[in-house]
Number of protein chains: 2
Amino acid sequence: MAGVVAQINGKPILIHALFRSNPSRSSSPLSLPPLSWRKGKVTMSCKRSYLASINEDVKAHLKHAIPVREPLAVYEPMHYLTFAAPWNTAPALCVAACELVGGHRSLALPAASALHLMYAASYTHDNLPLQESCRPKSTIHHEYGPNIELLTGDSILPFGLEVLAKSDDPAQNISGRILRVVVEITRSVGSQGMIYGQYLEIESIQSNGCGSCHVEEIERVCEKYEGSLYACAATCGAIMGGGSEEEIEKMRRYGLYVGKIQGMTNRIKGNDKDLVKLVEEMRGLAIKELEGFDEAKVEAFSSFLR
Amino acid sequence: MAGVVAQINGKPILIHALFRSNPSRSSSPLSLPPLSWRKGKVTMSCKRSYLASINEDVKAHLKHAIPVREPLAVYEPMHYLTFAAPWNTAPALCVAACELVGGHRSLALPAASALHLMYAASYTHDNLPLQESCRPKSTIHHEYGPNIELLTGDSILPFGLEVLAKSDDPAQNISGRILRVVVEITRSVGSQGMIYGQYLEIESIQSNGCGSCHVEEIERVCEKYEGSLYACAATCGAIMGGGSEEEIEKMRRYGLYVGKIQGMTNRIKGNDKDLVKLVEEMRGLAIKELEGFDEAKVEAFSSFLR
């Protein structure tokens, strides 16, 4: 997986991993990182450190949750496909939203891990060699046969929810919050969210003969696929952090805009002015949702909008 | 789907639906119903009524949970594939276990519905036309293309957990029980349970060149696939019904034997004496687990052992 490598706290970081929800769709001529990246080097560096520290914590939590253990025939592909899926910023948004409303980071880590696992399951199945498809596939290396990749995707999804449900601690009295997050996640990955976005994408590509789609179609797909994932991430973070209903709904809308921006940016082909304009509008709307929160904490949130 | 039709309370019932976990594997020469069915007509009729009434309630709960609504492109295949999957007795076992430990039926219906949805998702994916497979496939009619069936299976699984998590009622103080059931279900359908059974079945068929498997291999597959499903069903019912830890573990073991019996019976080919003997042993072990429970309620449980 190619990417620009930078040093943060002495550690190499793939820059595109901080910006792209799906590098496999990275053929866009309007390539990230944007101009603002080069202008505000110092400020960005701080923001990237915050994101990088969250990502490290989520990855450590995931590695602990999915050790390579017996039976190897099951856990090796599970471990491999979990970490082969491109890293997106939805888990980090979940943790950041938790901290924004005053919650401790550890409260959001199981939900953030579950979000990456949901995405990894979706990504694994999205790349299965099934008939009658003219959808854009990534060029990922298939380490295992399709039967094993199908089964592994099927096992990653419930495993993510198991990780989340198992984090319940009667002493903390957070069972209600966790169950609410289970409903948010199952809804966002299911038929009202990401899966619906995938249906729309199949439908849209089929009706356009595997050619280009209209801006409205792209927006609808992104609203359901990436929009649902990021809206869910921010909502779950705010719920786990003990945010008020108003804060939770603000985070839901902020996440939705972030997801749509991520999705649309990844789908921009050539000089697609309408899509670029729409992305700009979304950024403005997203920033408005951050009004009223602690300004010092909000600063890091601008990173999600690039 | 062919089957013997009987009348219960004036309603036609497919007899094999009460006995078989997977009618698609019904080519066994040792075909059900067994001799005892013909001997004890009156007693069986009562037991079938109890099972039939549970099945009716679970199906009504499912139909209410998955209405055919907009967007039709998503909900029609979801509804179709949920009810196209063969009906097995795991959801009924869940409800019966709840009632056995003194719980109200309504407490177990969401978990029972979730169990059928997990099985329907697994069944849908099991019948996808993927490469390099020599596994026995059912001859079900594919109403939708493989992409749609893949996505629909992916949406049915989280939907089942959503149905379960949404049943939380703060007034009843059952959040802890529901979270425990989420862990049980995600674990049993995942890499330690049903998925592991499917891995073993692929491995076993590949090493035997798509030919017959050894009794030990069949037992291992059934322990993980059907065993996990039924053990989970009985455990979840006992948890939701407020059973003691001892009752919950008795139900777990009973369910495991029931699942293994179901799985092995469906895989018996010809006059397979070793497998028939093993099934008989399991029946004896299962019945022992019912000792100490209310005898009147236990009577209905013998139906799961046929």
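This is a predicted model: local features need pLDDT of at least 70, side-chain atom pairs count only at pLDDT 80 or more; totals for chains, interfaces and linings use all residues.
The peptide bond leading from Glu70(A) into Pro71(A) is cis, with omega near -5°. In chain B, Glu70(B) and Pro71(B) are joined by a cis peptide bond with omega of about -10°. Pro71(B) lies in the loop between helix H3 (41-65) and H4 of chain B.

Local features are given at pLDDT of at least 70 and side-chain atom pairs at pLDDT 80 or more, while totals for chains, interfaces and linings use all residues. Residues are numbered from 1 along each chain as its sequence is written, chains are lettered from A in the order in which they are written, and side-chain values use heavy atoms, with hydrogens and water left out.

Asn173(A) is not a glycine, yet has a positive phi of about 55°. Asn173(A) belongs to the loop between helix H7 (146-166) and helix H8 (175-189) of chain A. Its relative accessible area is 70%, so Asn173(A) counts as exposed; the classes are buried under 20%, exposed over 50% and partly exposed in between, using a 1.4 Å probe and protein chains only.

Asn173(B) also has a positive phi, of about 55°, without being a glycine. Asn173(B) is in the loop between H7 and H8 of chain B, and is exposed at 69% relative accessibility. Most residues other than glycine have a negative phi, and most peptide bonds are trans.

## The interface between the chains

The contact (heavy atoms within 4.5 Å) takes 48 residues from chain A and 48 residues from chain B. Together the two chains bury about 4500 Å², 69% of it on carbon and sulfur atoms; buried area is the accessible area, with a 1.4 Å probe, that two parts lose on being put together, summed over both. Two salt bridges are found across this interface, a salt bridge being a side-chain nitrogen of Lys or Arg within 4 Å of a carboxyl oxygen of Asp or Glu. Arg187(A) and Glu162(B) meet in a salt bridge at 3.0 Å, N to O.

On the chain B side, helix H4 (72-84), helix H7 (146-166), helix H8 (175-189) and helix H9 (194-207) each supply at least two residues that touch chain A. H7(B) gives the largest share, 14 residues. Ser155(B) is placed in helix H7 of chain B and is buried, with a relative accessible area of 1%. Leaving aside neighbours within four places in sequence, Ser155(B) is in contact with Gly190(A), Ser191(A), Ile195(A) and Met78(B).

## Nonpolar cores

A nonpolar core is a set of buried Ala, Val, Leu, Ile, Met, Phe, Trp, Tyr and Cys residues joined through side-chain atoms within 4.5 Å. The largest has 182 residues, of which Ile185(A), Met251(A), Tyr254(A), Ile185(B), Met251(B) and Tyr254(B) touch the most other members. Not counting residues up to four places away in sequence, the residues that Ile185(A) touches include Ala111(A), Leu115(A), Leu161(A) and Cys236(A). A second, separate core of six residues includes Leu130(A), Leu150(A), Leu128(B) and Leu150(B).

## Salt bridges in the whole structure

A search over all chains finds 26 salt bridges. Side chains of opposite charge can pair when their charged atoms come close. One of the bridges joins Arg105(A) and Asp57(A) at 2.8 Å, N to O. Arg105(A) lies in helix H6 (residues 105-126) and Asp57(A) in helix H3 (residues 41-65) of chain A, so the pair ties together parts 48 residues apart in sequence. Arg105(A) is buried at 14% relative accessibility, whereas Asp57(A) is partly exposed at 30%. Salt bridges that share partners join Asp57(A), Glu99(A) and Arg105(A) into one network.

Glu223(A) and Lys260(A) form a salt bridge at 3.3 Å, N to O. This pair links helix H10 (residues 215-224), which holds Glu223(A), to helix H12 (residues 245-267), which holds Lys260(A), 37 residues apart in chain A. Glu223(A) is partly exposed at 31% relative accessibility, and Lys260(A) is buried at 5%. In chain B, Glu99(B) and Arg105(B) meet in a salt bridge at 2.8 Å, N to O, and both residues are buried.

Terms used. Helices (H or I, at least four residues) and strands (E, at least two) are DSSP runs, numbered from the N terminus.
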